[in-house]
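Subject: Structure for your review

Dear colleague,

A written account of the findings comes after it.

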Amino acid sequence: MSVVTLTALTVRYRGALALDIPELAIDEGGIFAIIGPNGSGKSTLLRIIGLLQRPTTGEVRFRDALVSGPRQLEVRRRMATVFQEPLLADTTVFENVALGLRFRRIPAAERRRRAERWLERFGIRDLAGRRARTLSGGEAQRCALARALVLEPEMLLLDEPFSALDPPSRDTLVADLGAILRRERVSTVLVTHDRIEARALADRVAVMMRGRIVQQDTPERLFRTPISDEVARFVGIETIVDGRVESSSAGVVRLEAGGQKIQVAAEAMVGERVRLCLRPEDVTLTPGAIVAAPSSARNRLTGTVAEVVRAGGQARVVVDCGFPLVALITYQSVDELGLTEGARVTATFKATAPHLIRLNTIA
Amino acid sequence: MALLWDGIRQAIALLARGDAEVFGIAVLSLEVSGAATVLALLVGIPLGLALALTRFPGRTLLISLVNTGMGLPPVVVGLFVSILLWRSGPLGFLEWIYTPTAMILAQLIIAAPIVIGLTLAAIQQIPDTFRLQMLGLGASRPQMLRVLIQEARLPMLAAAMAGFGGVISEVGASLMVGGNIRGRTRVLTTATVLETSKGDFDVAIALSLLLLLIMFLVNAALTWIQQRRAG
């Protein structure tokens with residue numbers, strides 16, 4: 001069953017279409033991630049779901065009932081929103097966590113019991129008496145999340161809740177929150193520009209580009225099979241190359257791209273133009289030009305190292321093999337294999353690794 | 001210099017004696033300026049909130065007018081309130097001219113823009129997303145406004161101090177609309193002007209010391225509230 005349904009929704013800013021959502025249903029119990037680049041409209045969409053902003057046109061339904069003027073506050077109180085900044089009130093941590101309960105006129109004893117329980121779950125019970133403004137970034141965001149979850153919302157809305165945090169506190173908070181949300185089965189909408197967060201937490205992911213949802217699927221499928229190169233790039237596919245299908249049999253397509261012959265486990269027609277998408281972590285590199293050695297990896301492309309970029313614990317190696325092919329490998333491998341610019345390497349990947357976008361134009 | 005020391009010595013003696021007239025003047029000053037400040041807060045805080053939270057054509061012009069009003073010359077206020085309350089004026093039938101009520105009205109007009117302007121500034125420094133966050137936690141609009149005022153309480157107490165300081169120390173408007181009538185509308189500032197013009201420096205100094213003492217005590221009390229909450 002859907003908790004929130006949006007229909008024929010548009011938002012215009014000074015006449016320009018900022019959001020255009022013909023239909024969107026958010027189901028009970030799961031974590032629905034909305035990912036997209038900055039300015040794609042995902043935060044606006046979240047605010048509309050949370051009844052914090054009115055759309056230019058369209059309707060919002062909560063559990064199949066239209067949300068109209070007088071019901072707004074009542075429905076708004078069945079949800080809770082957390083923003084990128086913790087936005088804590090200038091009082092104690094405890095009072096912050098109890099704030100939404102106060103808005104709902106929950107009696108003091110119950111307020112205390114519920115607030116203490118959620119302070120405990122986010123590991124900040126010791127900080128209950130502290131002034132909220134003295135917390136570190138990670139502690140403050142834990143307080144903000146406890147303040148939302150203490151309300152036992154039917155729908156939790158998270159707008160980039162981790163992006164202001166430093167990496168270590170972000171990683172532990174993503175893990176803690178993920179565990180809590182799954183255990184409590186809180187229906188959640190998570191807006192993020194970080195695909196890794198979305199992949200770690202979500203049951204379903206929608207990609208937004210320029211105010212529209214361009215693809216919506218399970219994370220596994222969405223990250224494997226993007227429908228356009230724009231989505232492909234956004235979900236972390238770095239090798240994108242156009243080719244032409246030369247033959248197709250038994251579920252394996254043979255195509256030519258950038259002067260290389262590539263086999264892909266997919267369906268396509270001979271002569272069809274396709275766009276090949278390959279994730280960098282699916283590529284292995286071997287020094288030199290390897291000729292044979294039987295292997296299940298059907299594709300073996302020889303080229304030269306064009307660039308090695310070390311970032312975030314792993315190195316991105318760009319191999320020029322008629323087109324730029326990107327591999328993600330450890331620093332250790334880079335050093336041991338002597339992968340410096342100009343070195344000859346063989347890039348290997350399975351036929352099942354690439355995803356083909358069919359360009360629908362047969363030359 | 002001797003004149004000053006002499007004056008101070010006599011002033012202290014006067015205060016120590018508990019001169020009834022001097023204390024009557026001090027009490028009236030507190031009453032008039034206190035009432036004007038409280039009224040200015042009652043009018044100014046909602047208006048400041050409204051200006052901070054709404055968007056409408058002419059808003060920027062209005063804010064400029066408020067900011068100008070924060071430095072309104074008391075004599076100009078005195079002039080217009082006098083005309084308004086003059087026996088033959090539009091509000092003459094109220095018979096407020098040369099009464100403490102007229103002085104409260106004039107001081108309200110002086111203090112209100114200060115309170116509006118400082119409230120506006122205090123609320124505007126709270127990010128827009130904070131308001132959305134409160135609504136996102138289920139606050140009704142009045143509940144959201146209450147939290148905003150709580151958040152801005154330190155600068156708003158400063159608004160109260162600035163408003164009170166502005167009116168208890170002004171002389172022009174009180175003199176013009178109150179008339180400095182002994183026992184009825186004479187306040188510390190107007191009495192100080194009078195005594196100085198008569199050359200009674202000891203009384204003038206006593207009045208001035210009392211004025212400073214009142215300002216200090218009121219501000220000390222407000223500062224205590226402010227800093228205790230901030231701790």
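This is a predicted model: local features need pLDDT of at least 70, side-chain atom pairs count only at pLDDT 80 or more; totals for chains, interfaces and linings use all residues.

Residues are numbered from 1 along each chain as its sequence is written, chains are lettered from A and ligands numbered from 1 in the order in which they are written, and side-chain values use heavy atoms, with hydrogens and water left out.

The interface

Chain A places 26 residues in contact with 18 residues of chain B (contact means heavy atoms within 4.5 Å). Between them the two chains bury about 1,800 Å², of which 55% lies on carbon and sulfur atoms; buried area is the accessible area, taken with a 1.4 Å probe, that two parts lose on being put together, summed over both. On the chain A side, the most area is lost to chain B by A:Arg76, A:Leu87 and A:Phe103, which together account for 32% of what that side buries.

Two salt bridges are counted between chain A and chain B (a side-chain nitrogen of Lys or Arg within 4 Å of a carboxyl oxygen of Asp or Glu). A salt bridge joins the side chains of A:Arg133 and B:Glu151, at 2.6 Å from N to O.

The side of chain A that touches chain B draws at least two residues from each of helix H2 (72-76), strand S6 (79-82), helix H3 (93-103) and helix H5 (137-149) of chain A. Helices (H or I, at least four residues) and strands (E, at least two) are DSSP runs, numbered from the N terminus. By class, that side of chain A has 14 nonpolar, two polar and 10 charged residues. Ala, Val, Leu, Ile, Met, Phe, Trp, Tyr, Cys and Pro count as nonpolar, Asp, Glu, Lys and Arg as charged, and the others, Gly among them, as polar.

Cavity and pockets

On a 1 Å grid over the protein atoms alone, a cavity is a set of points where a 1.4 Å probe fits but cannot get out, and a pocket is an open set with protein on both sides within 12 Å along at least five of seven lines; lining residues have an atom within 4 Å of a point. Grid points are joined across faces, edges and corners, and a volume is the space filled by probe spheres set on the points.

One cavity of 30 Å³ or more is counted, and the largest cavity has a volume of about 40 Å³. Its lining includes B:Ser29, B:Gln107 and B:Glu170, and H2(B) gives the largest share, three residues.

The largest pocket has a volume of about 660 Å³. Among its 23 lining residues, A:Leu51, A:Leu52, A:Gln53, A:Arg54 and B:Leu135 lie nearest its centre. H6(B) gives the most to this lining, five residues.

The second largest pocket has a volume of about 370 Å³. Of its 15 lining residues, A:Glu95, A:Leu99, A:Arg102, B:Val147 and B:Gln150 are the closest to its centre.

With kind regards
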